[in-house]
Amino acid sequence: MRIRIVDAFTDRPFGGNPAGVVLLESFPEDAWMQRVALEVNHAETAFAHPLPEGGEADWALRWFTPVAEVRMCGHATLATAHVLRSTGAHEGVVRFATRSGVLVATPGEDGSLTLDFPTAPLTEVDVPAGVAEALGAEPRGAVDTGPNVGDLIVELADEKTIHALAPDHKALGAFSERGIIATARAEDPSRGYDFVSRCFFPNVGIDEDPVTGSAHTALAPFWSPRLGSAVLTGLQASPRSGRVRTELRGDRTLLSGRAVTTIEGELLA
């Protein structure tokens with residue numbers, strides 16, 4: 001079978017967030033998919049197979065990090081939709097049956113893809129003791145992102161603080177199910193983005209995720225009321241970097257971006 005590495009939320013190779021994508025006839029044993037994800041060793045590897053016509057979804061989709069299956073992943077969903085479109089395996093809008101319900105990917109005329117994801121339910125919480133020390137920066141506040149995302153959002157003073165973070169990754173694992181989303185307002189929105197973030201997910205084997213779609217289902221409802229707009233662009237300021245356009249629509253959030261296939265090969269095992 002074919003396996004592909006796709007860089008998501010970018011329009012150039014070696015940017016954005018890389019994901020493995022494997023198209024199957026049906027899902028094999030979980031242990032095999034987990035071993036493949038460990039071999040690929042990117043933030044997520046997506047496994048998908050077609051479903052019978054006439055149902056609520058067109059493809060079944062699951063995502064694995066190198067150490068665990070996750071409930072929701074934006075960049076690997078974008079990568080899978082890109083592979084389906086670029087290979088001709090599926091044309092037009094594609095509906096994925098996932099652990100987070102049916103997720104829809106819609107191709108744009110400009111080559112972008114837009115994902116329709118559930119908006120994360122946000123709950124303000126006290127900043128846990130030890131977070132500032134683990135991050136190396138003092139949070140202004142903290143928000144729990146609910147079960148699908150499983151992170152703690154911490155707002156920091158400014159964009160410069162986000163770029164300068166050098167956290168204790170192991171220590172960050174104590175504060176939420178998956179990890180920490182650190183975020184701040186953009187210093188200069190004329191640069192084409194409204195807020196910045198970095199995502200640290202030690203509990204699923206990812207010290208820093210390059211560009212995280214699922215995190216933006218929480219960042220959109222976090223920033224939209226603060227910035228007074230339902231449509232925003234987030235810059236994830238990891239070393240690879242990438243931008244996610246968000247549109248808040250109540251209990252759904254639209255995430256838009258591009259993807260590029262960088263590697264294609266044959267999976268022999």
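Modeller: A disulfide is a pair of cysteine sulfur atoms within 2.5 Å. By this rule the count here comes to 0 disulfides. This is a predicted model, in which local features need pLDDT of at least 70 and side-chain atom pairs count only at pLDDT 80 or more, while totals for chains, interfaces and linings use all residues. Residues are numbered from 1 along each chain as its sequence is written, and side-chain values use heavy atoms, with hydrogens and water left out.

Colleague: What makes C73 buried?

Modeller: Buried means under 20% relative accessible area, exposed over 50% and partly exposed in between, with a 1.4 Å probe and protein chains only. C73 has 3%, so it is buried. C199 has 0% and therefore counts as buried too.

Colleague: How does the radius of gyration compare with that of a compact globule?

Modeller: The radius is taken over C-alpha atoms, and the globule rule is 2.2 Å times the number of residues to the power 0.38. With 269 residues, the rule gives a value near 18 Å; the chain has 18 Å, so the two agree. The C-alpha trace spans about 50 × 35 × 30 Å along its principal axes. Of the 269 residues, 55% count as buried.

Colleague: How many helices and strands are there, and what makes a stretch count as one?

Modeller: There are 6 helices and 18 strands in the chain. Both are DSSP runs numbered from the N terminus: helices are H or I with at least four residues, strands are E with at least two.

Colleague: What makes β10 and β11 a pair, and in which sense do they run?

Modeller: Two strands pair if DSSP finds at least two bridges between them. Strand β10 (residues 141-144) and β11 have 4 bridges, in the antiparallel sense, so they pair. G141 has E155 of β11 as its bridge partner. β11 and strand β12 (residues 179-185) pair over 5 bridges in the parallel sense, and I153 is bridged to I181 of β12.

Colleague: What makes a set of residues a nonpolar core?

Modeller: The members are buried Ala, Val, Leu, Ile, Met, Phe, Trp, Tyr and Cys residues, joined through side-chain atoms within 4.5 Å. The largest such core has 47 residues, and W63, L78, V94, F96, I153 and L219 touch the most other members. Helix α2 (residues 74-87) gives the most to this core, with 6 residues. A second, separate core of 20 residues includes F175, I180, Y193 and L235.

Colleague: Why does H82 count as buried, and which residues is H82 in contact with?

Modeller: H82 has 12% relative accessibility, so it falls under the 20% limit. H82 lies in helix α2. Contact means heavy atoms within 4.5 Å; leaving aside neighbours within four places in sequence, H82 is in contact with V6, L113, A259, V260 and T261.
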